[in-house]
Amino acid sequence: TGENLPPRPGDITTLRPFPALGPIVQRQHIANSIYHSLEARVERRFTGGLFLLASFVWSKSIDDADTPLPGQFGSFGAQDERNLRLERGLSFHDVGRRLSGGVVYRLPSTAKLAWLSRNWSLSGVATVQDGTPLNPVYFAFDPANTGTPNRPDVVPGQQVRLPRSQRNADHFFNTDAFRAPAPFTFGNAGRNILPGPGNVVLDVALLRGFQLTESLAMQLRVESFNFPNHPNFGIPGPYPDFGPFFGKIFSTGDPRRFQFGARFDF
């Protein structure tokens, strides 16, 4: 009764059963999701003030919807609301592999310079993870004339994912793998088949503690976020009707930052 029309020519407003009402939005609790993962954790405390903690997750999340209300990127509605099985694919938040590790090292002090070398510690947190997938969907182009988000066709013989050596901010995936579907037909591209960029983040901190009184302590901190100044790319454009901007990345994560702080414990 709303926009769930089969592809056909004609004015979409007059094709609806109730043209005077326009599109009718219906929300149902019918989405389905499944998640599997392998998780491993290693923790070790060494003599000499060294502590290590690392965790690894290898997972896969599959669903047929992301959010109740249509939006952008991963929250576009179904292409064919009469066949929700075609929406089954990777979740917009799916991260295949994620490795996270942390280290804390209490720096040794010397007897001669105890006043200067005592109570120093160095810490770091590193995260390396795969990117999340994206939905190849037309932002405004409606070749099926259904009023729903349309996806393109996948060109036979073309791989969507580019080799790592060919990926860059101007061309992150193979845009030649897609073409416009025939008029009044749905595209055969699956949901969330575009690869997204991964992330590599390393944060480090240097700390020194001072015991001022029996119940009052102070800690001075020098912290650096994204210490190697590694560029973490933003989401590439997933809209084929954006022309040269399809597959192009326009943003990056935060650059290297330093932060100085003091903390009092009482």
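Before anything else, my element labels: helices (H or I, at least four residues) and strands (E, at least two) are DSSP runs, numbered from the N terminus. This is a predicted model, so I noted that local features need pLDDT of at least 70 and side-chain atom pairs count only at pLDDT 80 or more, while totals for chains, interfaces and linings use all residues. Residues are numbered from 1 along each chain as its sequence is written, and side-chain values use heavy atoms, with hydrogens and water left out.

I went to the second largest pocket, which has a volume of about 730 Å³. Its lining counts 31 residues, and Asp 130, Gly 131, Arg 167, Gly 196 and Gly 198 are the closest to the centre. My pocket rule works on a 1 Å grid over the protein atoms alone: a pocket is an open set of points where a 1.4 Å probe fits, with protein on both sides within 12 Å along at least five of seven lines, and lining residues have an atom within 4 Å of a point. Grid points are joined across faces, edges and corners, and the volume is the space filled by probe spheres set on the points.

Which strands supply at least two residues each of that lining? I found β2 (50-63), β5 (120-129) and β8 (199-211). The largest share, three residues, comes from β2.

**Asp 94**

I looked up Asp 94 in the loop between β3 (89-90) and β4 (97-106). Asp 94 is buried (under 20% relative accessible area; exposed is over 50%, partly exposed in between, 1.4 Å probe, protein chains only). The side chain of Asp 94 does reach the backbone nitrogen of Ser 61, at 2.7 Å. Leaving out residues up to four places away in sequence, Asp 94 touches (heavy atoms within 4.5 Å) Ser 59, Lys 60, Ser 61, Gly 131, Thr 132 and Pro 133.

**Pro 238**

From Pro 133 I jumped to Pro 238: the two are 105 residues apart in sequence and 9.9 Å apart in space, C-alpha to C-alpha. Pro 238 sits in the loop between β9 (217-225) and β10 (257-265) and is buried at 1%.

**Salt bridges**

I searched the whole structure and got 10 salt bridges (a side-chain nitrogen of Lys or Arg within 4 Å of a carboxyl oxygen of Asp or Glu). Lys 248 pairs with Asp 170, closest N and O atoms 2.3 Å apart. Lys 248 is in the loop between β9 and β10 and Asp 170 in the loop between β6 (153-154) and β7 (178-179), so this pair ties together parts 78 residues apart in sequence. Lys 248 is partly exposed at 21%. I also logged a network of Asp 63, Asp 66 and Arg 191, joined by salt bridges that share partners.

Asp 80 bridges to Arg 82 at 2.9 Å; Asp 80 is buried at 9%, whereas Arg 82 is partly exposed at 46%.

**Positive phi**

Asn 119, in the loop between α2 (114-117) and β5, has a positive phi of about 65° although it is not a glycine. Asn 145, in the loop between β5 and β6, has phi near 60°. Buried or partly exposed? I have Asn 119 as partly exposed at 32% and Asn 145 as buried at 15%.

Terms used. Lys and Arg count as positive and Asp and Glu as negative; His and the chain ends are not counted. A polar contact is a pair of N or O atoms within 3.5 Å; within protein, one must be able to donate a hydrogen and the other to accept it, and residues adjacent in sequence count only if both atoms are side-chain atoms.
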